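Subject: Structure for you to look at, with notes

Dear colleague,

I am passing on the structure we spoke about, together with some notes on what was found in it. Please open the sequence and the model side by side while you read.

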Amino acid sequence: MAKDHFKCLRCSNTYELEADPDGKLKERICPKCKSNSVRKLKAQ
Ligand SMILES: [Zn+2]
């Protein structure tokens, strides 16, 4: 299963989630600080 990588712009926490099969962009919440200022990173 592909993973998408995200980085929180508030606390710089990085984390990954399973990629959405439908490719829709959803609002992300940082699991560490609960900020929604999260940027999707390019897959590695
Ligand atoms: Zn955060």
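The notes below go from the overall fold to the strand pairings, and then to some individual residues.

Overall fold

Please keep in mind throughout that this is a predicted model. The secondary structure of the protein consists of three strands and zero helices, and, read from the N terminus, the order of the elements is β-β-β. Of the 44 residues in the protein, 5% are buried. When contacts between residues at least 6 apart in sequence are considered, 40% of them join residues that are at least 24 apart.

The sheet

The three strands make an open sheet in the order β2-β1-β3, and the pairing is antiparallel. Because β2 (14-18) and β3 (38-41) are at the edges and each has a single partner strand, one side of each is left without a neighbour in the sheet. From one strand to the next, the twist averages 35°.

On one side, β1 pairs with β2 in the antiparallel sense through five bridges, and these two strands form a hairpin with five residues between them. Within this pairing, His5 stands opposite Glu16 in β2, while Lys7 has Thr14 as its bridge partner in β2. Leaving aside neighbours within four places in sequence, Thr14 is in contact with His5, Phe6 and Lys7. The C-alpha atoms of Thr14 and Cys30 are separated by 8.5 Å, although these residues are 16 residues apart along the chain.

Ser12 has its place in the loop between β1 and β2, and Ser12 counts as exposed because 10 other C-beta atoms lie within 10 Å, where the cut-off for exposed is 12 or fewer.

Lys34, which is likewise a residue other than glycine, has a positive phi near 70°. Lys34 is found in the loop between β2 and β3, and with 10 C-beta neighbours inside 10 Å Lys34 counts as exposed.

The loop between β2 and β3

Two other residues of this loop are described here. Ser35 is found in the loop between β2 and β3 and is partly exposed, with 14 other C-beta atoms within 10 Å. Not counting residues up to four places away in sequence, Ser35 touches Cys8, Arg10, Cys11 and Cys30. Ser35 and Leu9 are 26 residues apart in sequence, and their separation in space is 8.4 Å, C-alpha to C-alpha.

Ile29 also lies in the loop between β2 and β3. When neighbours within four places in sequence are left aside, Ile29 is in contact with Lys34, Asn36 and Val38. Ile29 and Arg39 are ten residues apart in sequence, and 10.0 Å apart in space from C-alpha to C-alpha.

How values were computed: Residues numbered from 1 in each chain as written. Predicted model: local features only at pLDDT ≥ 70, side-chain atom pairs only at ≥ 80, totals over all residues. Pairing = 2+ DSSP bridges. Helix = DSSP H or I, 4+ residues; strand = E, 2+ residues; numbered from the N terminus. Axes fitted to C-alpha atoms, helices over the stretch in contact; angles between N-to-C directions. Buried ≥ 20, exposed ≤ 12 C-beta atoms within 10 Å, placed from the backbone. Contact = placed C-beta atoms within 7 Å.
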